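Please read it beside the sequence and the coordinates.

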Amino acid sequence: MYDSSFWPKGVTRGHPVLFVFWLLICGAILQFTGIGAFLCLWKGLNQTGMNDYYAFGLWIVIDLAVIALGAGAFFTSFLSYIVRIKELKNIVGVAVLIGFICYTGAIMMLGIDIGQPIRGWFGFWHANIHSMLTEVMFCITTYAIVLIIELLPAVLENRQIAKVPEFGTFAHNLHRIMIVFAGTGTFLSFFHQGSLGGMFGVLFARPFAFREGFMIWPWTFFLFILSAIATGPSFTTLCVMITEKVTGRKLVPHKTKMLMGKISGLLLTAYMVLKLADTYYWAKVMVPGVGSSLDVMYQAPYGTWLLWAELGVCGVLPAIMLLVPRVRQSYGLLFLAMLLNCTGIVLNRFVFTIQSLAIPVLPFEKFIAFMPTWQEIAVGSLILGYGFLVYSLAYRYLPIFPKEVELSQD
Amino acid sequence: MYDFKKIYRTEESRYGMLINIDKCTGCGACSVACMSENNSGVLEDETNKIRSVTWLRVYQVDNGQAFPKTEVAFFPRPCQHCQGGKVGNYKEGFFFEDPDAHENHTPCVSVCPATATDYDEKTGIVSQVPTRCIGCRYCVAACPYHARYFNWYDVPWPKGSERALSPFVSPRMRGVVEKCTFCFHRYQQAQNKAFKDGEEKIAEMDYQTACTEACPSGAIMFGDLNNPDHKVGQTIQQYQKEGRFVFRLLERLGTNTKVFYTTEREWVRRKADNFISDEDFKQALPGQKG
């Protein structure tokens, strides 16, 4: 094969023509993204479906969702390098890769989302330390740097790059000190996930989002962290399972996937208990306290079906499923439970972003539904085009699945 | 009764407004004066009201009754210049009398990542620095009054119109947020005048907002709420003693604003906040009167 000398040692990959064709599809998606991004930068954010009622739109939903889904990176690194769960070494590489894609993709999208991208650095220079968004900005940037460092050894271990002795030594030494970066990443991402939740929880004049809390942190701060670490491992495993189905190869032992499922299940159960308690208190005490009711908070098209879907079908159900060993043993059921788990987190982030703004607070204000434009969808699809591209290149050329050779021999 | 020094917990100036809804005819002169004074431009398509910039928007409300019982009222809504405070007990009229209960948080100021909006402790005015705004719109999301506007478009200023612009306020560019500043440039001019005249405090009539001056029916009153010599505070207290409804918008959220409204009509009062039931509403009323 033309590029087989670049593949990880001992593995086979698909035909180069097929791979180039796949890359062209990724390129087409990115071209679509490019057109949308260009229009938004050239003509302004009037190209989107956002307005003064929906200050945040599709992009923030995607940002929050992918950052939660990418939490597998920091949490798996934490469990693998610091808690030293050996089984997770089989999947930590791909978890870091997915985290890298999610974080860098989100940063690129945020660059389009702010009205004055050239002034993006003002958040660091004129930082308002009271703002949760300042915390988000600092954490997302610094953690993206940590993810690059965490991913670097895998890049340097490419068969051709590793032939340069200096790169090989550097990669080896990076591995040895990875615990430092895993610790730093855990700290940064912990606060990043939390501050994203805090961003909504502190909006005390927006009754849908506002929550009381502990010291300066609203409950959403902790709920966002917990939901992210409950979902991140599921999303990582889901990506691996999809890759296995698409490529027809065994990449990660099922035992590792089951462990990831168990971790997700335990954390999701803890999250659901707290989330249900939070929702009950909010619905029974906080909402009536501001003269409103659940009917007002869940108006069509964002009706109570969203509440049942988020907390029931995509919350309690996958939590129970993931706790059952027989479900985890079954490839199909594990896949389904993890898919529901990930859908639940996306719904949660959607609800906090869109519904918080949709509910009119002034009694004489009207309700307006949100609809993104094609330009907004184009920029939003960045995460697909960019994600597929980077993931495919990494799958083909980097040793991110250490057990693949062993599994293929079985 | 509103005790301004208690609810704002300071002896410093706290500029605020009293808007008499029963006097407002909905003519929109205040909005026009505001746009002219603050160099707000006219967009190509002003029919899209969810993207146009209206620092002072006039909302029309009605009592929901069929003709001939229909009644209409208008709520002029500038930025409410929230100070923030503990969510009060509405049964006692939403007063925030516990000085230790809460650190002051203006909803929008506390969230801005780039310190592009600030709360002036000397005047109580919430400022906006468009040249520092990065356009993240977090403040727009935080404001329940829809008083903050993002510039979705560049204003297509007609050729020569720059000669008609006010030299005291910078026109804003696309991609930044803007809002009512209680004509802060007028405050600065009044300060200069007071300094020149050797006065310690600025005179009441030296600092009036453009909307206050433009209102033909005298529905808007402006001044320092903490200054007992200013008419605005005196009138609020007089109205409360007379048994009129005096209130602020969405008071039970604890935004602790500085724009007061007054009316004699109960249904209009009810429109100013969210209430679960008639009983809930009735419980809120006694504390508001003198």
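## The open sheet of chain B

In chain B, 4 strands form an open sheet in the order β8-β1-β10-β9, and their pairing is mixed. The edges are taken by β8 (220–224) and β9 (245–247) of chain B, each of which has a single partner strand, so one side of each is left without a neighbour in the sheet. From one strand to the next the twist averages 20°. The model is a predicted one, and local features are reported here where pLDDT is at least 70.

Strand β9(B) is joined by 3 bridges to strand β10 (residues 259–263) of chain B, and the two run antiparallel. Within this pairing, B:Phe247 stands opposite B:Tyr261 of β10(B). Helix α6 (residues 231–242) of chain B packs on the sheet, where it touches β1 (15–20), β8, β9 and β10 of chain B, and the direction of this helix makes about 120° with that of β8(B).

## A helix pair in chain A

At what angle do helix α9 and helix α14 of chain A pack? The angle between α9 (residues 219–247) and α14 (residues 331–358) of chain A is about 130°, and their axes are 9 Å apart. Because of that angle, α9(A) is oblique to α14(A), and the crossing of α9(A) and α14(A) is left-handed.

On the side of α9(A), the contact is made by A:Ser227, A:Thr231, A:Ser234, A:Phe235, A:Thr237, A:Leu238 and A:Met241, while α14(A) contributes A:Phe335, A:Met338, A:Leu339, A:Asn341, A:Cys342, A:Ile345 and A:Asn348. Sorted by class, the contact of α9(A) with α14(A) holds 8 nonpolar and 6 polar residues, with no charged residues.

## The interface between the chains

The two chains meet through 41 residues of chain A, which are in contact with 46 residues of chain B. On the side of chain A that touches chain B, the elements that give two or more residues are α5 (122–125) and α6 (132–156) of chain A. The largest share of that side comes from α6(A), with 4 residues.

By class, the side of chain A that touches chain B is made up of 22 nonpolar, 15 polar and 4 charged residues.

## Two helical residues of chain A

A:Val155 has its place in helix α6 of chain A, an element that also gives residues to the side of chain A that touches chain B. Is A:Val155 buried, exposed or partly exposed? With 16 C-beta neighbours inside 10 Å, A:Val155 counts as partly exposed, since a residue is called buried if 20 or more other C-beta atoms lie within that distance and exposed if 12 or fewer do. Not counting residues up to four places away in sequence, A:Val155 touches A:Ile161 and A:Leu398. By contrast, A:Val155 and A:Val316 are 161 residues apart in sequence and 39 Å apart in space, taken from C-alpha to C-alpha.

A:Tyr386 lies in helix α16 (residues 382–397) of chain A and is partly exposed, because 19 other C-beta atoms are within 10 Å. Leaving aside residues up to four places away in sequence, A:Tyr386 touches A:Leu30, A:Ile101 and A:Gly105. Between A:Tyr386 and A:Pro325 there are 61 residues of separation in sequence and 35 Å in space, C-alpha to C-alpha.

## Backbone details for checking

In chain A, the bond from A:Ala300 to A:Pro301 is cis, with omega near 5°, and A:Pro301 lies in the loop between α11 (294–297) and α12 (304–323) of chain A. In chain B, a cis peptide bond joins B:Phe67 and B:Pro68, with omega about 10°, and B:Pro68 is placed in the loop between β2 (57–62) and β3 (72–77) of chain B.

Positive phi values in residues other than glycine also deserve a look. For B:Arg9, phi is near 50°; B:Arg9 lies in the loop between α1 (4–7) and β1 of chain B, and it counts as partly exposed, with 18 C-beta neighbours inside 10 Å. B:His146, which is not a glycine, has a positive phi of about 55°. The place of B:His146 is the loop between α3 (138–142) and β6 (149–150) of chain B, where B:His146 is partly exposed, with 18 other C-beta atoms within 10 Å.

Technical notes:
Residues are numbered from 1 along each chain as its sequence is written. Chains are lettered from A and ligands numbered from 1 in the order in which they are written. This is a predicted model: local features need pLDDT of at least 70, side-chain atom pairs count only at pLDDT 80 or more; totals for chains, interfaces and linings use all residues. Axes are lines fitted to C-alpha atoms, for helices over the stretch in contact, and angles run from 0 to 180 degrees between N-to-C directions. Angles under 35 degrees count as roughly parallel, over 145 as roughly antiparallel, 65 to 115 as roughly perpendicular and the rest as oblique. A crossing is left-handed if the near helix is turned anticlockwise from the far one by less than a right angle, and right-handed if clockwise. Two residues are in contact if their C-beta atoms, placed from the backbone, lie within 7 Å. Ala, Val, Leu, Ile, Met, Phe, Trp, Tyr, Cys and Pro count as nonpolar, Asp, Glu, Lys and Arg as charged, and the others, Gly among them, as polar. Two strands pair if DSSP finds at least two bridges between them.
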